[in-house]
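Hi there,

Here is the structure I promised to pass on to you. Have a look at it first, and then read on for what turned up in it.

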Amino acid sequence: MGGLTVSEFLTTLGLSSLKTLLGIATPLTGGGAMVGYVSVAVTQASVAGFSTYALGLVAKEYFANGSSWGNQSPRIVVQRILATLDKDSILARIKEELQEKLDRQRWQPS
């Protein structure tokens, strides 16, 4: 489980840094960098959404066993849950929902 935490941290750090650079570059490029900024933001939100979904399933399993991992170790439980997830469909659904929200906000007056 420690590797998952480290990889999430590095992904978040990398995407946040890229978003910062694109945000700084936006005025210099006449708004052209905004397309990249939105793309990175959607990717970062997808990673966070997938991680949250997976963590929710792990918590559900833990509490369903009476706040215990049962006769398995936490690592085995998490690996089993991650192996059963359909990552592509979960990420596609998250990206679709984010895109819908972005499209709605784009057309609403400020």
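Glu61 is partly exposed, with a relative accessible area of 24%; on this scale buried means under 20%, exposed means over 50% and partly exposed is in between, using a 1.4 Å probe and the protein chains only. The side chain of Glu61 meets that of Arg80 in a salt bridge, with 2.8 Å from N to O. By salt bridge I mean a side-chain nitrogen of Lys or Arg within 4 Å of a carboxyl oxygen of Asp or Glu. The pair ties together distant parts of the chain, 19 residues apart: Glu61 belongs to helix H2 (residues 33–64) and Arg80 to helix H3 (residues 74–84). Arg80 is partly exposed too, at 35% relative accessible area.

Before going further, please keep in mind that this is a predicted model: local features need pLDDT of at least 70, side-chain atom pairs count only at pLDDT 80 or more, and totals for chains, interfaces and linings use all residues. Residues are numbered from 1 along each chain as its sequence is written, and side-chain values use heavy atoms, with hydrogens and water left out.

The structure holds two salt bridges, and the other one joins Arg93 to Glu97, with the closest N and O atoms 3.4 Å apart. Both of these residues sit in helix H4 (residues 87–107), four residues apart, or about one turn of the helix. Arg93 is exposed, with a relative accessible area of 53%, while Glu97 is partly exposed at 40%.

Now for the overall layout. The protein has four helices and zero strands, and along the sequence the pattern reads α-α-α-α. Helices (H or I, at least four residues) and strands (E, at least two) are DSSP runs, numbered from the N terminus. Of the 110 residues, 15% count as buried. The accessible surface comes to about 7,800 Å², and carbon and sulfur atoms account for 63% of that; these areas come from the Shrake-Rupley method with a 1.4 Å probe, and for residues only the protein chains shown count as cover. Taking contacts between residues at least 6 apart in sequence, 58% join residues at least 24 apart, where contact means heavy atoms within 4.5 Å.

What makes up the largest nonpolar core? Its five residues are Phe50, Ala54, Leu85, Ile90 and Ile94. A nonpolar core here is a set of buried Ala, Val, Leu, Ile, Met, Phe, Trp, Tyr and Cys residues joined through side-chain atoms within 4.5 Å. H2 and H4 are the elements that give two or more residues to this core. Leaving aside neighbours within four places in sequence, Ile90 is in contact with Phe50, Tyr53 and Leu85.

Ser46 may also interest you. This serine lies in helix H2 and is buried, with a relative accessible area of 2%. With neighbours within four places in sequence again set aside, Ser46 touches Leu91, Ile94, Lys95 and Leu98.

Next, the aromatic rings. The whole structure contains two aromatic pairs. The rings of Tyr62 and Phe63 have centres 5.3 Å apart and planes at 70 degrees, so this pair is edge-to-face. Tyr62 also pairs with Trp69, in a tilted arrangement with 4.8 Å from centre to centre and 50 degrees between the planes. For reference, rings of Phe, Tyr and Trp (its six-membered ring) pair if their centres lie within 6.5 Å, with planes under 30 degrees apart counting as stacked, over 60 as edge-to-face and the rest as tilted. These ring pairs link Tyr62, Phe63 and Trp69 into a cluster. Phe63 is exposed at 56% relative accessibility, whereas Tyr62 is partly exposed at 25% and Trp69 is partly exposed at 23%.

You will find Ser67 in the loop between H2 and H3, partly exposed at 41% relative accessibility.

Best wishes
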